[in-house]
Amino acid sequence: MGRVLSRDDEAVSDREFELTDQDFRFIQWFMHKHAGIYFSDRKRTMVYGRISRQLRRLGLNRFTDYKQLIEQDSEERVGFINSLTTNKTQFFREYHHFEFLENVMFKEWEKQGLKNINVWSAGCSTGEEPYSFASSLFVKKAFDLFQVQIHATDLDTKVLSHAKQGIYSDEAIASIPVKYLQPCFFKGKGAQQGKIKVAKGLQNYINFQQLNLLDEWKWKEPFDLISCRNVMIYFDKQTQEKLISRFYQQLKPHGILFLGHSESVGSCSDLFRHLGKTIYLKQ
Ligand SMILES: C[S@@+](CC[C@H](N)C(=O)[O-])C[C@H]1O[C@@H](n2cnc3c(N)ncnc32)[C@H](O)[C@@H]1O
């Protein structure tokens, strides 16, 4: 099965489905064009694994047949993109950002006498990140002091529907510091045994919506905080730089940008002051 074009392909040719060099080039091109995501040749085995699940579901043997479906059927195209995104996340990931929000930003907002706080979790995956921001703001009683709006967006429609439900396996508790557990999460009972649920009151502050970061943004208000963590690592340098300068435009004066631990503002360093730990202040 399959053409043997390279050492890498030899391994692929023995497998269940055919994914030729040409197919892989198409996937690289497609994901870069539609999502900004760049798959190097080293990611081929990972891509194969993810695509295999789609082919198995549809009873297809060759990627070429799936490609035709993707080109004709918009729903299948969405499923294809969803299958190739990396959605790993957890509550209070990179906790120093939440400490900064509570101990530095919160005080600054109070000092400035702000009335409205606008937060954007860009690339929110299954929702743990925006719910963590909401929990952080809740324990600081921010909802009593300010009009808070948290926008949470992702390209992947599947993770977004999970995020909207706000229900997680109780294994997630391990990453939630105790002070947030009791006021912000409920343990499931009956059919929801072994699960936790985000408090309804907190969910109401979050507006989840699908957004491809490469597309036009139609935000009405600028943001006090934009968190785009562990998203740009999947993008090529040019896409990253374009995005950073768009985030700059979208922030209020002295707004804050959080990036993931292995990300930086790169060549846009004159637009921001680095406060350490991938926290950037708009200059
Ligand atoms: C690894 S998760 C990061 C989740 C969370 N921010 C965190 O740090 O835990 C990356 C998310 O970025 C999303 N993503 C990838 N490309 C995107 C794009 N072009 N537009 C919007 N979201 C995108 C993926 O669907 C995925 O859910």
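**The largest pocket**

The largest pocket has a volume of about 410 Å³, where a pocket is an open set of points on a 1 Å grid over the protein atoms alone, reached by a 1.4 Å probe, with protein on both sides within 12 Å along at least five of seven lines. Volume here is the space filled by probe spheres set on points joined across faces, edges and corners. This is a predicted model, with local features needing pLDDT of at least 70 and side-chain atom pairs pLDDT 80 or more, while totals for chains, interfaces and linings use all residues. Residues are numbered from 1 along each chain, and side-chain values use heavy atoms, without hydrogens or water.

Lining residues have an atom within 4 Å of a point; there are 26 of them, with Thr86, Asp154, Asn230, Val231 and Tyr234 nearest the centre. The lining has 12 nonpolar, 8 polar and 6 charged residues. Because domain 1 (7–84) and domain 2 (96–282) both contribute to the lining, the pocket lies between them; the domain bounds come from an automatic or database assignment.

**Two helix pairs**

Helices are DSSP runs (H or I, at least four residues) numbered from the N terminus. The axes of α4 (residues 63–72) and α5 (residues 74–84) come within 5 Å and cross at roughly 120 degrees, with axes fitted to C-alpha atoms over the stretch in contact and angles running from 0 to 180 degrees between N-to-C directions.

Technical notes. Nonpolar A, V, L, I, M, F, W, Y, C, P; charged D, E, K, R; others polar.
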